[in-house]
Amino acid sequence: MISRKAKLLLIFMAITLVVSLAGCGNKAAAPEGNKAWAPQKQVTFVAVAGAGGGLDMVARTMAKIFDQKKIVTQPMMVENKPGGGQVTGTVAFANQSVKDDHKLLIASTPFILNYIKKDGNSPIGPDQIYPLAMVQGDYGVIAVRAESKYQTLKELMDAVKSNPANVTFIGGGGPGTWDYLNVVQVAKKAGVDIKAMKYNPYDGGGEALTALLGGHGDAMTSDVSSIKQYLQAGKVRVLGVGSKEKMASDEIMKAVPTYKEQGFDVVTINWRGVFLGKDVPEAAKKYWGEKVAELVKTPEWKDDLKKQGVIEMYADAKGFYDLIKAEQKIYTEIYKELGMAAADK
């Protein structure tokens, strides 16, 4: 016959076993309930400019490397959504993809410019969309056709200063966009009446370059990645680049003089970054942030940046947001000087 003490011991052991098994069951179930988010269908990169420009290159390069390195295993596609100097695609994305965790937007500095300038027509700023990461930077350039009469940046600026109506600039965005500011800042240093300058906008660097080669403008304001292959092919002459120093390590751009060394104390750089919808779940934001951070460390990404002539410039979500907010203040002051600042920004 089992003693009272033995019975109590058996009961205690049984309770301990049940509790232990219950604990194990909870631990086994936890990973399923807290399973990390990952895409379950096709992923879309939205480049808010036409094919052939810098944003298009970013989107296609990211999709290619994500796939090649198996960083993301779901199929990926690139959708070009040009219009309004990035406004059309950005506004559509912010409104229609606010919770879409399978869609990423690729935009650049004009994203914030269109938000703060008077006629920018964009209600979308860094607080209406989620800045995920800055992935690269691109110096500004001013270029002409290879057969152009303008041999130097000074010759071009002297002509504009003498008679602004006789020189037509073209760029991948309307007045007040980054392309516009790239040339306006140089012209201002040259003593040009910047309000009298002739500027024709196009939807993206690809269209603007086609217009330049077709003789629809005298000079183009753009960035290194959009113009580099055409310089290499001998179709354009780049009169100046907005880098701090000559791009000595770039075989194609190394001979191009900077704005500064030609007497125009201006440095112009256009960032490019990745955005998500504002209300995308935190788990998806974390996933994409980690995947982009992994991508920018790959040799393939670094090699591609070098080929394009752009700068390796990465910032995570917080750093990217802080940068945009700081730029918002800087560019607002420039717009105020030009009479182009939105009243409520």
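Modeller: A crossing of two helices is left-handed if the near helix is turned anticlockwise from the far one by less than a right angle, and right-handed if clockwise. Please keep in mind that this is a predicted model, where local features need pLDDT of at least 70, side-chain atom pairs count only at pLDDT 80 or more, and totals for chains, interfaces and linings use all residues. Residues are numbered from 1 along each chain as its sequence is written, and side-chain values use heavy atoms, leaving out hydrogens and water.

Colleague: Thanks! How many helices and strands are in the chain?

Modeller: The chain holds 11 helices and 10 strands. These are DSSP runs numbered from the N terminus, with at least four residues of H or I for a helix and at least two of E for a strand.

Colleague: What makes helix 2 and helix 10 roughly antiparallel to each other?

Modeller: The axes of helix 2 (residues 54-68) and helix 10 (residues 299-308) cross at roughly 155° and come within 11 Å. Axes are lines fitted to C-alpha atoms, for helices over the stretch in contact, and their angles run from 0 to 180 degrees between N-to-C directions. Angles under 35 degrees count as roughly parallel, over 145 as roughly antiparallel, 65 to 115 as roughly perpendicular and the rest as oblique. Helix 2 and helix 10 are therefore roughly antiparallel, and their crossing is right-handed. On the helix 2 side, the contact (heavy atoms within 4.5 Å) is made by Met57, Thr61, Met62, Lys64 and Ile65, and on the helix 10 side by Glu300, Trp301, Asp304 and Gln308.

Colleague: How does that contact of helix 2 with helix 10 divide by class?

Modeller: It has 4 nonpolar, 2 polar and 3 charged residues. Here Ala, Val, Leu, Ile, Met, Phe, Trp, Tyr, Cys and Pro count as nonpolar, Asp, Glu, Lys and Arg as charged, and the others, Gly among them, as polar.

Colleague: And why are helix 2 and helix 9 called roughly perpendicular?

Modeller: The axes of helix 2 and helix 9 (residues 282-295) cross at roughly 90° and come within 11 Å, and the two helices are therefore roughly perpendicular to each other. Met62, Ile65 and Phe66 of helix 2 meet Trp288, Lys291, Val292 and Leu295 of helix 9. By class, this contact has 6 nonpolar, no polar and 1 charged residues.

Colleague: How do you know whether Gln86 is buried or exposed?

Modeller: Buried means under 20% relative accessible area, exposed over 50%, and partly exposed in between, using a 1.4 Å probe and protein chains only. Gln86 has 8% relative accessibility, so Gln86 counts as buried. This residue sits in the loop between strand 2 (76-80) and helix 3 (87-96). Beyond its neighbours within four places in sequence, Gln86 contacts Val48, Leu55, Ala107, Ser108, Pro110, Phe111 and Asn114.

Colleague: What makes helix 3 largely enclosed by the rest of the structure?

Modeller: Of its 10 residues, 7 are buried, so helix 3 is largely enclosed. Those buried residues are Val87, Gly89, Thr90, Val91, Ala92, Phe93 and Ala94. They pack against strand 1 (43-47), strand 3 (103-108), helix 4 and strand 9 (269-276).

Colleague: Why is Asp119 called partly exposed?

Modeller: Its relative accessibility is 43%, so Asp119 counts as partly exposed. Asp119 lies in the loop between helix 4 (110-116) and strand 4 (130-145). Its C-alpha atom is 8.9 Å from that of Pro175, which is 56 residues away along the chain.

Colleague: What makes Thr177 and Gly217 buried?

Modeller: Thr177 has a relative accessible area of 3%, so Thr177 is buried. It is in the loop between strand 5 (168-171) and helix 6. Gly217 is at 5% relative accessibility, so Gly217 counts as buried. Gly217 is in the loop between helix 7 (205-213) and strand 7 (219-223). Across the chain, buried residues make up 51% of the 345 residues.
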